[in-house]
Structures are given as C-alpha cells and as structure tokens.
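Open the model in your viewer and keep the sequence panel beside it. The stops below are given as selections, each followed by what is found there.

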Amino acid sequence: MAKIKITDLFDRNSISINSAPKSKKEAIDEAIELMARSGKINDVEGYRKAVYAREDEGTTGIGEGLAIPHGKCSAVNRPGLAAMVIRNGVDYESLDDEPVSLLFLIAAPDTEDNIHLDVLAKLSMMLMDENFTNNLRNAGSINEFLQIIDAEDAKREEI
Amino acid sequence: MAKKVVAITACTTGIAHTYMAAEKLLKVGKELGYEIKVETQGASGAKNILTAEEIAEADGIILAVDKGIDESRFSGREIYRVKAAGAIKEPQKVIENAVNKVGTERLAGSAAKGEDNIKISNGEKGIKGMYKHVMAGVSYMLPVVVAGGILTALSFAFGIYAYEEEGTLAWALHLIGASGALGLMIPVFSAYIAHSIANRAGFAAGIVGGWVANSIGAGFIGGILAGFLAGYITLLVVKKLPMPKSLQGVKDILVVPILSTGIVGLIMIFVLGKPIQALTVMLTDFLASLSGGSIVVLGIIFGLLYWDLGGPISKVVYTFAVGLLAEGVYAPMAAAMVCGMVPPIGIALATFVRPKLWTKEQKEAGKAALFLGFSFITEGAIPFAAENPKVILPACMAGSAVGSIVSLVAGAEIVAPHGGLFLLVIPNAVSNIGGYLIALLAGSIVTMILTVLLKSLETKK
C-alpha cells in the first residue's frame, strides 16, 4: 500500500496563494469555498456550521500568523485540506492578536479513519516550524507551495 | 541529569491542536534542556502513550487538554493544567510552571497506587507483573459477572423454564444476563488482561481470543491464557516485526490486529481446543465407568473435577449429570448442582466472617456471589479464583466434594438442569430437600473455613 502524502489530501483547486479577505469571516468563508471546489464536501452549509462551531470554542488563530480552522462532521466525504496565503494579513482574533497570513482549513469525515487523521496530525506538527511556514508564505506558485510541503513531509519521514 | 517532563495533549476535535501543542512542547522542552515525552489523545487514538514508569519519574506533568480525559494515572501527583491552545502559545511558561510547581494542582488519591495504574504498567516483569495483568482483567470482568449473574437469576424467578418463551420479560432478562453479560465475561476478562500487557493494541486479540476460549469451552483458565497470549503476541508483533516507518499507520491498523488476533485465535482453536475435546471425551467415559460404583468416590470425583468453576472439566460433570436426567437418574444432577453452588456461597460466607481479609471491592463482590451461588451461577466465584487461585481453588474443590458426597449419601435428587434454590418453590423438582440443603450447607462451610484458613496463612507469610 502506498504511503499517503499530505499533499494527497490537497486538491489543486483548493489552494490560493494570493488572497485578500477583509475579515476573519471572509477568510473562513473563502477557505470553505476553496474546500468545496474539491468535491469532498457533500453539504457545504453543514460543514460551515461545524467549522464555525469549532471556532466558537476558541479561536484557531494560534499565533505567529497562522490559523487552522477545521471541521470534523458527516458533511465531509473524504479528508481534505484547503490553504490560503494572505499577503497582507487579516485580523483573526488570534491568540497573540497578530494578523493571520497563512491559513489551512481541514475537513475530516466523521469516521475513525486513522491513516488520514494521522496525516493531518503530521501537518499540524509541521506547521509549528516557522521556517516551514515562512517558506509557504513566500511560495510563488501553487506548485511551489505543494513542493515545499512534500519536501518537509519527506524530511519528517526520516526522523 | 535532565529533568523529566511528561504531557498529554487533547483537543475537542482531535485533529489539529492536539498535535500542534505536542510539537510545540516537544520542541521547546528540548530547547530548554528537558527530557520530554508527550502523549497525544487525538481523533485517531492515543499515541506515544506514557508509561507508569515515565509518569512516576516525571518532574513536571502537563495536561494540555480541552476535553475530559482519564486522569487516574496521575493520582496524587502535581499537575499543570492548560488549554491546548495555551500550550501552543506559551510552551516555555507551561513547561517551567509544571516543573517548578507554579499554579499546579494536586490530584486526589495516592501516587502510583490507583487501580488504573495497573493497566498501563506493561513494564512489570515476572509473577508480580502477571498478577497485575490478571487483576486488571478481573476488575473489568467483575461488574459484568455481577450484572450477568443477577439478571440471569432474576429470570429464574419467573419460573426456571420461563425464559424459554420468547418475548417474555424472563426471556429478555435471560438473554441479557446469560447470553449477553455471562457470555461476554471471559472475552472482557481476556481483553483487559491483553490491554494491561500491550495497551490498546492488545485489545482486539484479547477480546476475540477470549470469545474463542469461551466458545471452545475453555472456561476462565482458557480466558487467562487467551489474554496473556494476546498481550504478548501483540507486543511481539509491535516490537519485532520490521516495517518501514512510512508504513507505521498500516502496521497499526492492519498488520498488528490481523496478525495478533489471527494467531491467538488459531492457537486457541487448534492447540488448546483439540486437547480439551479429547479430555472431555476421556473424562466422560471415565465418569460413565464409575456409575454403579461407590457413591463416595463419585462424590469426590465430582468435587475435584469441578475445580475449574464452570470450565471445560466441570462442564463434563454437568453434561454427564444432565445426560443421566434423560435416563431417569436424578441423584448426580443434585450432586453436580451442589458442586456448582458451593464455591460462590462458600467464598461469600468467607467474606462475611472475616471481612478484614478482603478488599472493599471483594466484600461487595462477596454479597453478589452469595446470590449467584444460590442461583447455581458458579461464575460468581471466578473473580476470586482468578485473583488468588492457590487459596480459592483447593477450598472450592474440597467444599464441592464434601457437598456432593453428602448430597449423594442423603439421596437428594433434582430433575432440572439449572435453577439453584429457585427449584425449591417448584413442586417435585427436588426430592429430599432437607438432605439437599444440608449438602449445600456442609459444602459451603468447608469452602468457607478453608478459604479463611488458607488466606490467613498466606497473609501471615
């Protein structure tokens, strides 16, 4: 069985390396639109509700310009990722009150599909590396964005 | 030496913050020169599970959790509580506060003695470790036995054959109690022995192995065997089977459960099942050869064969007695029923007369055991026997032997294959009721005295 890469969970249509939302709500809604393009969501409103419900529990703007909104619910068919680079940043009510410039939206189905969840977990861990996130912010194209993730993904393998 | 820090991270969805917090704590902890280990309790289950030893040695304990988790492992310890997001934001402060005991809280209970510590102490070696694994299994099995036994007994209250009529309350109670709970008791027992040895990875092989043990009629001893096999085979597969790290996920969800469960099941069926079958045939022939001989000898044999408390050997006695019912021979049934009722009653009496010898849990189990004994549900004795076979098994064998001799000598007869004391209210089910009750009492008292005696001797040592 082939190993699942983090980028396997990305649909090319779900990445925007140049977004300019004006508010947290706009940012999340745009990310949800990106995610919906992948066809992995069977009920966009249901998924939106899950994402906002998670946000209400506490901001997913975890500081240092990074936000990871996520929703795990039955409106999701298959695990997916969407990403946005926000060049000028957006206020996201983050833990450190700094604007968010990199956003990953996670969609997880309501199953205990461990393999994919482990892949998502790995991405979460990688995002704690500032060099990695800064490289992503500076990616010039969607290809480059995905390559950076692949490279880091492979590097972690060896640990 | 570097100070040691352990942490658990868990967020509500279990897909992002759990791991971000873990990564931050690991990274910053190492930078600060600590030896740090983080257990993640995410949506795909717990990873990097902290061992009892690691918790015991930790200088600082961090619980970065946004949901309720089992905290019993940390009983009596100073823990630092924080939101998962807080650990991501200020990992350095969190770690230092945990180590320096700033803003920490002490959890109730005594350190490293909580019962749940048992189940994670997979580092234990030798007899003591094995005993702990069995005890872990017993503690989970006990409520199942009590629920199953009592509900089954309640179904008899409607009449001993009432449960045979589908759709009735008696039928439902019997289904829940006898088929459900008592059917699950051995699987639960094996599952938690295996869980104690190999954590969650051992559970599948344990519960399935236990079920197989049950279905091949291997009784609680088969259950113990299945539990240990499952635990150690799982550990072996987890530790020794070489797999590239990239396939770790596949190994955890596919390879380990399939291999461990398959191997344990096959061993139970082919290695253990066949001899049990052969033994059953041999003993049945042996019992048949005894009929017509001395009833005292038959009584003793009955009692001795009942040593496994409803396991494969006692089943031979029981089946033998039930078989004779069809031929109109009723005395062996009375004797077999005494054999099955004496162990739980005798042990229950022992917990009543010498409460000091028993734990609080055992005293409670004792009360249930009395009722189970009255209902001819031998399983009531199993939690006690599994914990301390050296005391309980001989005491029960002696009591059952004495009881069955008295029953045979008194000429007590029973025409139904189950029911225990419930039979007394049914006209003509038991003949020579007085003799039967005296047999029960005599056997139970012998078991009680021997249990108290052997256990006191053991405690003094």
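Select H7(B) to begin: this helix gives the largest share of the lining of the second largest pocket, 6 residues. This is a predicted model, in which local features need pLDDT of at least 70 and side-chain atom pairs count only at pLDDT 80 or more, while totals for chains, interfaces and linings use all residues. Residues are numbered from 1 along each chain as its sequence is written, chains are lettered from A and ligands numbered from 1 in the order in which they are written, and side-chain values use heavy atoms, with hydrogens and water left out.

**The second largest pocket**

Helices (H or I, at least four residues) and strands (E, at least two) are DSSP runs, numbered from the N terminus. The pocket has a volume of about 690 Å³. To centre the view, pick Leu182(B), Gly310(B), Lys315(B), Phe376(B) and Glu379(B), the closest to the pocket's centre of the 30 residues that line it. Colour the lining by class and there are 14 nonpolar, 13 polar and 3 charged residues. Here Ala, Val, Leu, Ile, Met, Phe, Trp, Tyr, Cys and Pro count as nonpolar, Asp, Glu, Lys and Arg as charged, and the others, Gly among them, as polar.

Pockets and cavities are found on a 1 Å grid over the protein atoms alone: a cavity is a set of points where a 1.4 Å probe fits but cannot get out, a pocket is an open set with protein on both sides within 12 Å along at least five of seven lines, and lining residues have an atom within 4 Å of a point. Grid points are joined across faces, edges and corners, and a volume is the space filled by probe spheres set on the points.

**The cavity**

How many cavities of 30 Å³ or more does the structure hold? There is 1, and the largest cavity has a volume of about 30 Å³. Select Leu142(B), Val145(B), Val146(B), Ala365(B), Ala368(B), Ala369(B), Leu372(B), Gly380(B), Pro383(B) and Phe384(B) to show its lining. Helices H6 (126-156), H14 (360-374) and H15 (382-387) of chain B each give two or more of these residues. H14(B) gives the most, with 4 residues. By class, the lining has 9 nonpolar residues, 1 polar and no charged.

**The nonpolar cores**

Next, show Phe220(B), Leu287(B), Phe302(B) and Tyr436(B), which touch the most other members of the 95-residue largest nonpolar core. Such a core is a set of buried Ala, Val, Leu, Ile, Met, Phe, Trp, Tyr and Cys residues joined through side-chain atoms within 4.5 Å. Helix H13 (residues 331-353) of chain B contributes the largest share of this core, 14 residues. Zoom in on Tyr436(B): leaving aside neighbours within four places in sequence, it is in contact (heavy atoms within 4.5 Å) with Ala334(B), Met337(B), Val338(B), Met341(B), Ala412(B), Ile414(B) and Val430(B). A second, separate core has 56 residues, including Val85(A), Ile115(A), Leu117(A) and Leu123(A).

**Lys4(B)**

Move to strand E1 (residues 4-10) of chain B, where Lys4(B) lies. Is Lys4(B) buried or exposed? Lys4(B) counts as buried because its relative accessibility is 18%; buried means under 20% relative accessible area, exposed over 50%, and partly exposed in between (1.4 Å probe, protein chains only). The side chain of Lys4(B) makes a polar contact with the side chain of Glu57(B) (3.1 Å). A polar contact is a pair of N or O atoms within 3.5 Å; within protein, one must be able to donate a hydrogen and the other to accept it, and residues adjacent in sequence count only if both atoms are side-chain atoms. Beyond four places in sequence, Lys4(B) is in contact with Glu35(B), Glu57(B), Ala58(B), Asp59(B) and Gly60(B).

**Two loop residues**

Most residues other than glycine have a negative phi. Lys101(B) has a positive phi of about 55°, and lies in the loop between H4 (91-100) and E6 (105-106) of chain B. Asn199(B) has a positive phi of about 60°, and its loop runs between H7 and H8 (203-215) of chain B. Lys101(B) is partly exposed at 37% relative accessibility, whereas Asn199(B) is buried at 15%.

**Whole chains**

Finally, zoom out. Chain B has 17 helices and 8 strands, and 52% of its 461 residues are buried. Chain A has 5 helices and 6 strands, in the order β-α-α-β-β-β-β-β-α-α-α, and 56% of its 159 residues are buried.
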